[in-house]
Amino acid sequence: MNEKLIEKLEPELLWKNFHLLTRTPRPSHHEEAVQQLLMGFASGLGLEVERDEPGNVIVRKPATPGMEDRKGVILQGHLDMVPQANTGSSHDFTRDPIQTRIEEDWVHAEGTTLGADNGIGVAAAMAVLESTDLLHGPIEALFTSNEEDGMGGAFGLAPGLLKGDILVNMDSEDEGVLCIGCAGGANVNSELPYRAEHTEEGMTAFSLSVTGLKGGHSGVDIHRGRGNANKLLFRFIGQVQNACGLRLAGVNGGSLRNAIPREAFATILVPTENESRLKQLLQEWQAVYADELSQTDAGVLLSLQPEAVPNQCMDAVSQQKLLDLVGACPHGVIRMSDSFPGLVETSTNLAIVKTEDGFIRVFNLVRSSVNSARDMVCESIQSLFSLAGAETTFDGHYPGWQPNPDSPVLKTTLEAYRECFGSEAEIGGIHAGLECGILGATYPRWDMISFGPTIRYPHSPDERVQISSVARFWELLARVLESTPEKG
């Protein structure tokens, strides 16, 4: 463990603040501690600070002398992080600090998400606020709340609260790529009642689990071909139910809409005389999954653990409906972008499948940079589930951010990148829900851009951030602030 070295990385001011954030619990919906941290941080610097009703924190810093006539810049990042931990971890994201380590050019966490998404962006804004040697015009730092589970802070931001002209979002994850567009999204919520019936005599119960998958961000990692634990779990159940007389008592697969499901669990029952057959088939399908996912998810593990026999199980008709629905429900890339080669345009994540209170509940997250395509996939999922008699609702719609290739801040940032590194930055988009689309709807006059360091495998315990890319990100940010044009 060498987490104290984090504070000594360069740029030291940024890494010091990131280390402070790793010590401050901040999962979505539990951001009180980090809000208080930032309020105290800004007050300690003598800066104007406020927290609005949705929980956003806004800090204002005057221009450095001689830069008062420059356009105002809003530095924007989100406060919350995705709480994901490896199986067996006792980490409490509402209380425990993130334990970090350095391996070569990367910072990792110990068995949990790191929170570089978007802690590096927040730390960079804090470093700008704290710095005494940067040149910049008027600065407003906007730290939004609950980005990872609904973007509540961005949706709740009041018009007129911020006075700047340029938004620099720092939630991108590929250094050297200037993002000028992002996907919008929507939640698809399906619910199907099922009938429970008494468990027959002579049954043996097991906890069936799919674990060991990498998971990842349901936007930026959706094209990587990783296993979906829900799909794998129900595929196995469907293949063995007739051979083993398998009955399903309950399921709990996936945990977050915006994370590709890494784990899924089911309570199953089989006649005791079929126990050995079940275990044999489990070994066979373990080999199938290991072969299929050898390049993308080599750690996949299909396992059984004995469990007390429950009094009730799902009736056979409902069980078959559930198997058919999960088997047919789309997951993954639907269409690639025509505007940005190699970028996903439309996708869907079969995120959560669970039974509770007599209902089967399935939650999908659909993303697209084309709103009509997003809506088409939502309606397709609704049509599928309606065939089984399920009710489906939509919520959490948020717009995409439409690219503006003639953006003045894009021109400024391209030139700044060229000056800093002697090479050309790439212009692109991201298949994730940056808050720019929402914020731009409230503040349509803003000129917006997004850039950041290189972060890999966000929303999973494999999350890591590249140290050298953070230094380049900071250098670019400083040059952009110095190059902000005059008003008028």
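**Reading the terms used for this chain**

User: How do you know what share of the contacts with a separation of 6 or more in the protein chain comes from residues 24 or more positions apart?

Analyst: Residues 24 or more positions apart account for 79% of the contacts in the protein chain with a separation of 6 or more, where a contact means heavy atoms within 4.5 Å. The model is a predicted one, and the values discussed here are computed from it.

User: What makes the protein chain as compact as a globular protein of its length?

Analyst: The chain has eleven helices and 23 strands. Its radius of gyration is 24 Å, close to the 23 Å that the globule rule gives for 488 residues, and therefore the chain is as compact as a globular protein of that length. Along the principal axes, the C-alpha atoms fill a box of roughly 85 × 50 × 40 Å, while 59% of the 488 residues count as buried. The chain exposes about 19100 Å², with carbon and sulfur atoms supplying 49% of that area.

User: How many side chains are positive and how many negative, and how far apart are the centres of the two sets?

Analyst: There are 38 positive and 66 negative side chains in the protein chain, and the centres of the two sets lie 1 Å apart.

User: Why is strand E6 called largely enclosed by the rest of the structure?

Analyst: Six of the six residues of E6, which spans residues 139–144, are buried, and so the strand is described as largely enclosed by the rest of the structure. In a regular strand the side chains alternate between the two faces of the sheet. Both faces of E6 are covered, with Ile139, Ala141 and Phe143 buried on one side and Glu140, Leu142 and Thr144 buried on the other.

User: What makes E1 and E2 a hairpin?

Analyst: E1 and E2 pair in the antiparallel sense over four bridges, and pairing requires at least two bridges between strands. Valine 49 has valine 59 in E2 as its bridge partner. Five residues stand between the two strands of this hairpin, and glycine 55 in the turn has a positive phi of about 100°.

User: Why is proline 54 called partly exposed?

Analyst: Its relative accessible area is 29%, and because partly exposed covers the range between under 20% for buried and over 50% for exposed, proline 54 falls in the middle class. Proline 54 lies in the loop between E1 and E2 and touches Ser145, Gly152, Gly153, Gly156 and Leu157, leaving aside residues up to four places away in sequence. Proline 54 and glycine 156 are 102 residues apart in sequence but 5.7 Å apart in space, C-alpha to C-alpha.

User: Why are E4 and E22 said to stand at the edges of their sheet?

Analyst: The open sheet of four strands has the order E4-E5-E23-E22 with antiparallel pairing. Strands E4 (100–103) and E22 (455–456) each have a single partner strand, so one side of each is left without a neighbour in the sheet. E4 pairs with E5 (residues 106–109) over four bridges in the antiparallel sense, and isoleucine 102 stands opposite valine 107 in E5.

User: Is glycine 121 buried or exposed, and how do you know?

Analyst: Glycine 121 has 1% relative accessibility and counts as buried, because the cut-off for that class is under 20%. Glycine 121 is placed in helix H3, residues 116–130.

Notes: Residues are numbered from 1 along each chain as its sequence is written. This is a predicted model: local features need pLDDT of at least 70, side-chain atom pairs count only at pLDDT 80 or more; totals for chains, interfaces and linings use all residues. Side-chain values use heavy atoms; hydrogens and water are left out. The radius of gyration is taken over C-alpha atoms; the globule rule is 2.2 Å times the number of residues to the power 0.38. Buried means under 20% relative accessible area, exposed over 50%, partly exposed in between (1.4 Å probe, protein chains only). Accessible areas come from the Shrake-Rupley method with a 1.4 Å probe; for residues, only the protein chains shown count as cover. Lys and Arg count as positive and Asp and Glu as negative; His and the chain ends are not counted. The place of a charge is taken as NZ of Lys, CZ of Arg, CG of Asp or CD of Glu.
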